[in-house]
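This briefing concerns the structure shown below. The points that follow are grouped by topic.

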Amino acid sequence: IGQKVFYYESVDSTQKIANDLSTENAPEGTLVIADEQTSGRGRMERKWHSPKGEGIWMSLLVRPEIPPQQAPQLTLLTAVAAVRAIEEAAGLTPVIKWPNDIMVNSKKIAGILTEMQAEADRIHSVIIGIGINVNQDRTDFPKELLGTATSLAIETGNGLPRSRIIQEFCAQFEKLYLLYLEKGFYPIKLLWESYARGIGSFMRARTYNGVIEGVALGITEDGVLKIESSDGTIHKIYSADIEFPLS
Ligand code: BTN
């Protein structure tokens with residue numbers, strides 16, 4: 001991981017660059033890092049605020065030989081790697097809010113966006129985008145993010161070199177990814193569950209098709225969230241924003 005690194009001062013989105021590199025057959029483990037993104041992309045077609053020098057904005061290209069429906073597993077694996085990197089490098093204890101929000105003190109410190117290039121039932125590549133807020137102080141966040149976002153600097157009280165966290169993330173990701181390729185998703189699922197919050201809680205999931213409420217039962221073998229609503233129906237949630245009491 002990170003054998004080949006493309007570094008940019010400013011790009012529209014590292015996801016877009018990694019996608020283009022994937023089309024040009026860049027090798028597995030290629031990493032694209034930028035100081036600033038002018039059109040950073042978040043989940044569910046949102047923007048991702050990526051100001052210059054304030055955070056880690058990067059995309060990682062992998063080419064696992066797995067069926068496309070298992071790609072969400074990689075999002076969960078990445079969330080575990082990000083939690084561990086933040087623990088090791090910053091001494092914080094983040095938790096995961098399904099599927100991939102990394103939270104400290106009930107605020108979001110990092111997010112993950114997984115995009116896939118696949119044809120029929122074969123994955124060409126998976127581009128994993130990771131955004132970690134590092135050096136922002138409270139005045140750096142736009143008003144609408146103030147109540148919901150935080151950074152490593154805010155939570156630890158001091159600035160941290162981004163390179164240290166990138167290195168730690170790559171080391172953690174590589175360890176987990178090799179374990180995953182060798183042993184499958186099960187050991188990753190156990191780790192993910194140990195960091196995740198909200199399983200067993202009542203939650204509200206806002207999906208593209210409407211709102212589903214019920215008790216979160218856990219994740220499936222493919223990494224998809226299962227919610228049981230009050231009439232006993234079990235819903236599989238592939239993409240949503242979820243709400244539940246975090247603290
Ligand atoms: C989320 O909505 O939580 C996911 C945010 C993912 C942001 C990262 S920053 C690097 C990469 N490039 C992008 O445009 N987005 C991802």
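Does aspartate 35 count as buried or exposed? Aspartate 35 counts as buried, because its relative accessibility is 14% and the cut-off for burial is under 20%. The model discussed here is predicted. Its chain is assigned two parts, domain 1 (5–196) and domain 2 (199–243).

**Domain arrangement**
- The centres of domain 1 and domain 2, taken over C-alpha atoms, are separated by 23 Å.
- To the contact between them, domain 1 contributes 16 residues and domain 2 contributes 15 residues.

- Across the whole structure, twelve salt bridges are found.
- One of these joins the side chains of arginine 162 and aspartate 35, with an N to O distance of 3.1 Å.
- Arginine 162 belongs to helix α4 (residues 162–183) and aspartate 35 to strand β2 (residues 31–37), so this pair ties together parts that are 127 residues apart in sequence.
- In contrast to the buried aspartate 35, arginine 162 is partly exposed, at a relative accessible area of 23%.
- A salt bridge also connects aspartate 241 and arginine 46, whose closest N and O atoms lie 2.9 Å apart.
- Here the link runs between strand β13, which holds aspartate 241, and the loop between β2 and β3 (55–62), which holds arginine 46; the two residues are 195 residues apart.
- Both ends are partly exposed: aspartate 241 has 24% relative accessibility, and arginine 46 has 41%.

**A salt bridge between exposed residues**
- Lysine 183 and glutamate 182 meet through their side chains in a salt bridge of 3.8 Å, N to O.
- Lysine 183 is exposed, with a relative accessible area of 56%, and glutamate 182 is likewise exposed, at 62% relative accessibility.

- Strand β9 (residues 202–207) runs antiparallel to β10 and is joined to it by six bridges.
- Two residues lie between β9 and β10, which form a hairpin.
- Arginine 206 has valine 211 in β10 as its bridge partner.
- β9 also pairs with strand β13 (residues 241–243), in the antiparallel sense and over three bridges.
- Arginine 204 has glutamate 243 in β13 as its bridge partner.
- A network of salt bridges links Arg204, Arg206, Glu213 and Glu243.

**Nonpolar surface patch**
- Phe202, Val215, Leu217 and Ile234 make up a nonpolar patch on the surface, and their accessible area together is about 340 Å².
- Valine 215 lies in strand β10 (residues 210–219) and is partly exposed, at a relative accessible area of 33%.

Note on methods. Residues are numbered from 1 along each chain as its sequence is written. This is a predicted model: local features need pLDDT of at least 70, side-chain atom pairs count only at pLDDT 80 or more; totals for chains, interfaces and linings use all residues. Side-chain values use heavy atoms; hydrogens and water are left out. Patches are made of residues with over 30% relative accessible area and no salt bridge: like charges are joined within 9 Å, nonpolar side chains (Val, Leu, Ile, Met, Phe, Trp, Tyr) within 5 Å. Accessible areas come from the Shrake-Rupley method with a 1.4 Å probe; for residues, only the protein chains shown count as cover. A salt bridge is a side-chain nitrogen of Lys or Arg within 4 Å of a carboxyl oxygen of Asp or Glu. Helices (H or I, at least four residues) and strands (E, at least two) are DSSP runs, numbered from the N terminus. Buried means under 20% relative accessible area, exposed over 50%, partly exposed in between (1.4 Å probe, protein chains only). Two strands pair if DSSP finds at least two bridges between them. Domain bounds come from an automatic or database domain assignment. Contact means heavy atoms within 4.5 Å.
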